[in-house]
Amino acid sequence: MAANRFNAFTDYGIGIGLRVPHYQHILSQHPVVDWFEVISENYMVDGGRPLAVLDQILEQYRIVQHGVSMYFGSADRLNKEHLRRLKALTRRTKTPWLTDHLCWGSVDGRYTHDLLPMPYTWEAAKITAEKIRQVQDYLEIPVNVENVSSYAEFHISEMTEWQFLTEVVERADCGILLDVNNIYVSSMNHNFNPQEYVDFVPADRVAQIHIAGHSRFEKYLLDTHDHPVLDPVWDLYARAIQRCGPTATLLEWDDSIPSFEEVHAEALKANRFLSIVKSDGNTTPVCEGVR
Ligand SMILES: [Fe+2]
C-alpha cells in the first residue's frame, strides 16, 4: 500500500520509548532498534546528563519527539518560551515530526500536568485547530495530534470523539498519532464501539500509531502503560494498519518498566500484523484471529 503524505515515514518501522532505566543498556550494548521516541519536555534543558545521553543516542539512532504539555485544547495562548525551547530541541534531534495530545490542561498559565479530555464542540475544534496550525507554522515540521484516554465526558459535546478528532485535524491540516490503546480504554469507559472509531478517522492522515498496556478495574479501564499490550488492542492495531497501511509504530511502557529486551520484544510483536499488510498489499482482513 502506498504511503500517504502523513505516513511517508513508513521505513521508521517499530520504535520504543527512550527511558532512563534503559540508558546504560542502550549505550553499552548498542541494540538494533528502528527508532526511539523521546518525551520532549525531559530534554528541554540547557545542559546536564539528559542532553549528554540524548546526544550519544542521536549518534546511532533515529529519534522522534513526543510532547506532553502543548495543551492544544486549552484556551490559553501558546507559551512562546516553551515553543522556542521546543524548536531548538527539534533542530538538535532532527525529529521528522512532532506529536502531542488532543487535550487541554492549563488555565491562565497554571498547568495541571494532566491530559484532560475536550468538550467535543465545534467551537473547541476551531480554537484547537488554530493553535495546532500556529505550532506547525512556528516549528516548521509536521505536527501529529494524539487522541487521549479519558474517564469523563462533557454534556455539552456536539459530536463523538472520533468526529471531533477528524474535524480538528482537517481544519488544522495536520496528521494523527492514533493511540489504539487509548481508543480501547475510552471505548470501555464510555461504552462505544472502538472499531467504529478506527474505521471513521481519516486513514490518510494517520502518521504514527501508539500501542500500550492498560489495567482493568471493577468499573473502568486505566491507561497505565505498565504491562504488555492486551489482545483487544492488538485487534484494533491490526484494523488500523489494514486501513492506514504500514505505519510507524511505538510501544509505550512507562511504569514498572522491565528489561530493555522485554520491552523491545513486546514492541516487535507488531511485526506479525505489519508483515501481513506489507505482503498482501493490504487486501487481506487481518482484524481477528491473526495472533
Ligand atoms: Fe499514547
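**Close-up views of a predicted model**

**View 1. Strands S9 and S12 run side by side.** In this predicted model, strand S9 (residues 206–212) and strand S12 (residues 248–252) run parallel and are joined by five bridges. To find your place, look for Gln 208, which stands opposite Ala 248 in S12. As background, strands of a sheet pair through backbone hydrogen bonds, either parallel or antiparallel.

**View 2. Eight strands close into a barrel.** Now let us step back to the whole sheet.

**View 3. Helices H3 and H4 pack together.** Two packed helices are described by the angle between their axes and the distance between the axes. For H3 (residues 80–93) and H4 (residues 122–139), the angle is about 50° and the axes are 10 Å apart. That angle makes H3 oblique to H4. The crossing of H3 past H4 is right-handed.

**View 4. A look at the residues where H3 meets H4.** H3 brings Leu 83, Leu 86, Lys 87 and Thr 90 to the contact, while H4 brings Val 135, Tyr 138 and Leu 139. What kinds of residues make up the contact of H3 with H4? Five are nonpolar, one is polar and one is charged.

Notes: Residues are numbered from 1 along each chain as its sequence is written. This is a predicted model: local features need pLDDT of at least 70, side-chain atom pairs count only at pLDDT 80 or more; totals for chains, interfaces and linings use all residues. Axes are lines fitted to C-alpha atoms, for helices over the stretch in contact, and angles run from 0 to 180 degrees between N-to-C directions. Helices (H or I, at least four residues) and strands (E, at least two) are DSSP runs, numbered from the N terminus. Angles under 35 degrees count as roughly parallel, over 145 as roughly antiparallel, 65 to 115 as roughly perpendicular and the rest as oblique. A crossing is left-handed if the near helix is turned anticlockwise from the far one by less than a right angle, and right-handed if clockwise. Two residues are in contact if their C-beta atoms, placed from the backbone, lie within 7 Å. Ala, Val, Leu, Ile, Met, Phe, Trp, Tyr, Cys and Pro count as nonpolar, Asp, Glu, Lys and Arg as charged, and the others, Gly among them, as polar. Two strands pair if DSSP finds at least two bridges between them.
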